[in-house]
Amino acid sequence: MAKRVAKSRKTKSNKPWGGRFQGGTDARAEAFTESVSFDYRLAPYDVLASIAHAEMLGAQGIIAKKDARSIVSGLKAILREVEAGKFEFRAELEDVHMNVEAALTERIGAAGGRLHTARSRNDQVATSLRLWLRDRVDETQEALLALRRALLAQAEAHAGTVMPGYTHLQRAQPVSLAHHLLAYTQMLRRDGERFAQVRERVNVLPLGAGALAGTSHPVDRKMVAKKLGFASVAENSMDAVSDRDFALEFASAAAIAMMHLSRLGEEVILWASGEFGFVELADSFATGSSLMPQKKNPDVAEIVRAKSGRVFGDLMALLTLMKGLPLTYNRDMQEDKESLFDAADTLLACLGVMAPMVESMRFRPEAMAQAAEGGYMTATDLADAMVRRGVPFREAHEAAGRAVRIAVDKGVALGKLSAEDLKEADSRLDAGDLAETDLEKSLRARSSAGGASVRSVRAQIRAEKKRLGI
């Protein structure tokens, strides 16, 4: 939605609270306190909430039905202008709410002044913000699903691709690429669950709470809630106007999701390096160097990794904003929007670019297999072979460790140790135990639920496909 902000039109008192004041607002104070330069994004939601409010006022007989019809007609015309980017916002009117109301009054006359009956900007902004955020939650959920589908498609194509699994960024045990990628689908699924919970708490109507104490007019808040798609109405008017938990929860869920994207981005960066060589990024999702012709840089993943800190900062800004506020509304709360807008924008932008990047990545199974052959990653399998013969695990672990040391000293793989080498490590080791150090066999053995075996991974893929409706 485009924004048009006109210069101030100075009058003696053009404020909604001007009756109490004799002089105008200093231009510096006006510029400092206005919010329409960023809360203009709430305009369509403010208009929709105002339409529902006017229809309720008319239905309840709080204002004349003809006035309600005139207000609704005027608001619909304003909505069309807002959606077309033709609505002119005026900075001296402070915020999006007064811009809409002033435009309405200019269009339909005195009837426009009746719209604000039985409401305050306090419950009005809370309502508009919740409507805006509800849509962003829904967009976020769709974007999370798109990335999950991209990861799942790559996992399905690489269920049997062996690669090293890492702890401490050291080769640890063999896994499949699919198993690795499916770990991220689980993270994203939890993100989706968190946003679903956020949506439940967003979907509560504050309108009708007034400034803080409710209203003496016979409003029907449930009627307004139904028109706007809210599941319920806020039970306490003071909480209704001062609550920003829903914004904090969104920012928290966004921060956790960004942490997951940053981790995935970090792995892509490592895997695309010459040291790993596990993946080739599509040219469309990489950049080059202005100096070094050979470079192919994973800039998209790097920027996603960087933007995680931005969303963490948005969360901290919101927490700091709210931590010392007494009930109920305080003007500090005007500062909630830029952080919330930024968290939503940043997360959606990162999800929007990560999904096609993952789809376009070309993995290198041969490089992964070569890496999996090193690092003595089947040492645990050697120990487990002894355990199955009744050797306590701690003793088997020590024996396998000695075998690894001998292999390292000789510069050979575990499977290439001689019978004499095994006896040197531990007399209970048998040459037949070396069969357990085969990579493919090691992977097949990890057949526990959720494990890394191909069978287990295919079960995970089926479960994820079912959840995604594929």
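In which loop is tyrosine 376 found? Tyrosine 376 is found in the loop between helix H13 (365-373) and helix H14 (379-387), where helices (H or I, at least four residues) and strands (E, at least two) are DSSP runs, numbered from the N terminus.

## Basis of the model

This is a predicted model, in which local features need pLDDT of at least 70 and side-chain atom pairs count only at pLDDT 80 or more, while totals for chains, interfaces and linings use all residues. Residues are numbered from 1 along each chain as its sequence is written, and side-chain values use heavy atoms, with hydrogens and water left out.

## Nonpolar cores

The largest nonpolar core holds 117 residues, of which Leu147, Phe195, Phe250 and Leu261 touch the most other members; helix H10 (residues 245-271) contributes the largest share of this core, 15 residues. Apart from it lies another core, of 18 residues, among them Ala383, Val391, Ala425 and Leu434. A nonpolar core is here a set of buried Ala, Val, Leu, Ile, Met, Phe, Trp, Tyr and Cys residues joined through side-chain atoms within 4.5 Å, and buried means under 20% relative accessible area, exposed over 50%, and partly exposed in between (1.4 Å probe, protein chains only).

When residues up to four places away in sequence are not counted, phenylalanine 195 touches Val137, Thr140, Gln141, Leu144, Phe250, Ala253, Ala254, Ala257 and Leu347, contact meaning heavy atoms within 4.5 Å. In soluble globular proteins, nonpolar side chains tend to be buried together.

## Salt bridges between helices and loops

A search of the whole structure finds 34 salt bridges, each being a side-chain nitrogen of Lys or Arg within 4 Å of a carboxyl oxygen of Asp or Glu. One of them joins arginine 130 to aspartate 243, with the closest N and O atoms 2.8 Å apart. This pair links distant parts of the chain, 113 residues apart, with arginine 130 in helix H6 (residues 121-157) and aspartate 243 in the loop between helix H9 (237-242) and H10; both arginine 130 and aspartate 243 are buried.

Arginine 199 and aspartate 138 also meet through their side chains in a salt bridge (2.7 Å, N to O). Arginine 199 lies in helix H7 (residues 177-202) and aspartate 138 in helix H6, so the pair ties together parts that are 61 residues apart in sequence. Arginine 199 is partly exposed, with a relative accessible area of 28%, and aspartate 138 is partly exposed as well, at 30%. In a further salt bridge, the closest N and O atoms of arginine 201 and glutamate 249 are 2.8 Å apart; arginine 201 lies in helix H7 and glutamate 249 in helix H10, so that parts 48 residues apart in sequence are tied together. Elsewhere, Glu395, Glu398, Arg402, Asp426 and Arg428 are linked in a network of salt bridges.

Strand E3 (residues 162-167) and strand E4 (residues 170-176) pair in the antiparallel sense over six bridges, two strands being paired if DSSP finds at least two bridges between them. Tyrosine 166 has arginine 171 in E4 as its bridge partner. Two residues lie between E3 and E4 in this hairpin, and histidine 168 in the turn has a positive phi of about 60°.

## Loops and backbone geometry

A cis peptide bond, with omega about 5°, joins leucine 327 and threonine 328, and threonine 328 is placed in the loop between helix H11 (299-322) and helix H12 (336-360).

## A nonpolar surface patch

Leu327 forms a nonpolar patch on the surface with Leu212 and Met238, and together they have about 280 Å² of accessible area. Patches are made of residues with over 30% relative accessible area and no salt bridge, with like charges joined within 9 Å and nonpolar side chains (Val, Leu, Ile, Met, Phe, Trp, Tyr) within 5 Å; accessible areas come from the Shrake-Rupley method with a 1.4 Å probe, and for residues only the protein chains shown count as cover. Leucine 212 is placed in the loop between strand E5 (204-205) and helix H8 (221-228) and counts as partly exposed at 36% relative accessibility.
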